[in-house]
Amino acid sequence: MSGTLSLLRCLVASRAGLSAAILGILLAMATRSWAEPPAEPADENQSKRLLEMYLTDARALTVYGDAGHQHKLGLREKPVYIWQNRIRSDGQYGAVYVWTDRGCPEIVGTIFSNPNPRGDGRSVLHEFHAVSSRVLYPVGDPQNIWSPRQGIERQPIADAPQPAESPKSRLVQLRSLARDFSAHSISPYDDSRWELRLLPQPLYRYESSDPDVVDGAVFAYVTSAGTDPEVLLLLEARRSGEKPQWQFAAARFSDFNLFVEYKGNQVWQALRDDANPWGYNKERTYRLYTDRIIEE
């Protein structure tokens, strides 16, 4: 791919053979392909079938924002992101969904699958993280019950600017703030380290009818092994006192040890241990499990 890019750049500079406009389009396409590998299985029919199944699974998750089960969260049925990881588990393919309340993300979840290691079908896995600031109340399969014990606390971002007045200007601020964060993971299996890459576009951008939330976005960090999110980063302009301020929260979305830095200083981590094993964390805001095996 790097050779193709070099050739296209030379052609653009010399205007040889093709117009500069056409070459510019080709260059942009090549650059985009290099940055984000296509997230489609080789079989188009399989991709369609899996996405239909993932949506059915997402619809089956019912979550309430109160213990009395009076206030049900809403599922955004269009995936906010589709991803793949060709290296792990003989190839994983998944879709990310968001459950919201008053426009705010309350849960980010991915449903994905890969060939079953035993060779007798395909494993379907569910991975959820509550990103709400309050306790949530999921209901569903008792075998895979998910019971968050608390919400996700937001923290002020040191030296962040005052949130801008217009949504357009706040989006510029959101992207700038996200670039000041960095993340990496370390495998608990072989201690290999992975530098995580921030996706250029937020998974989900929102303005809320919640009086405490002015604006916000969910960003994701991925590895070079695939495009599956490993760490979620929430950035919100929240009212605190007389003026709103930018705050952040990070969330585990991986079975690796995870670390987040802000301007080079560590501000969050999730380490695997007895209280934070493969399938959940101590606060139970995170849940990962194999739901079932289906025919390949």
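The expected span of a helix is 1.5 Å times one less than its number of residues, and I kept this in mind while reading the model, which is a predicted one.

**Entry on helix H4.** I looked up H4, which runs over residues 167–179, and found that its 13 residues reach 19 Å from the first C-alpha to the last, close to the expected 18 Å. I then asked which residues of H4 are buried, and the list is Arg170, Leu171, Gln173, Leu174, Leu177 and Ala178. Seen down the axis of H4, these buried residues fall within an arc of 160 degrees, so they line one face of the helix. On the other side of H4 I noted Lys168, Val172 and Arg179 as exposed. Looking for what covers the buried residues of H4, I found several strands, among them E8 (181–186), E11 (213–222) and E13 (243–252).

**Entry on aromatic pairs.** I searched the whole structure and found eight aromatic pairs. In one of them, tryptophan 83 and phenylalanine 112 are tilted, at 5.3 Å centre to centre and with 55 degrees between the planes. This pair links distant parts of the chain, since tryptophan 83 lies in strand E2 and phenylalanine 112 in strand E4, 29 residues apart. Both tryptophan 83 and phenylalanine 112 are buried.

I next looked at phenylalanine 181 and phenylalanine 248, whose ring centres are 5.2 Å apart and whose planes stand at 50 degrees, so this pair is tilted. Phenylalanine 181 belongs to strand E8 and phenylalanine 248 to strand E13, 67 residues apart. Phenylalanine 181 is buried, with a relative accessible area of 4%, and phenylalanine 248 is buried with 5%.

Lastly, I noted that ring pairs link Trp99, Phe128 and Trp146 into a cluster.

Note on methods. Residues numbered from 1 in each chain as written. Predicted model: local features only at pLDDT ≥ 70, side-chain atom pairs only at ≥ 80, totals over all residues. Heavy atoms only, no water. Helix = DSSP H or I, 4+ residues; strand = E, 2+ residues; numbered from the N terminus. Buried < 20%, exposed > 50% of the residue type's maximum accessible area, 1.4 Å probe, protein only. Arc of directions from axis to C-beta. Contact = heavy atoms within 4.5 Å. Phe/Tyr/Trp six-rings, centres within 6.5 Å; stacked < 30°, edge-to-face > 60°.
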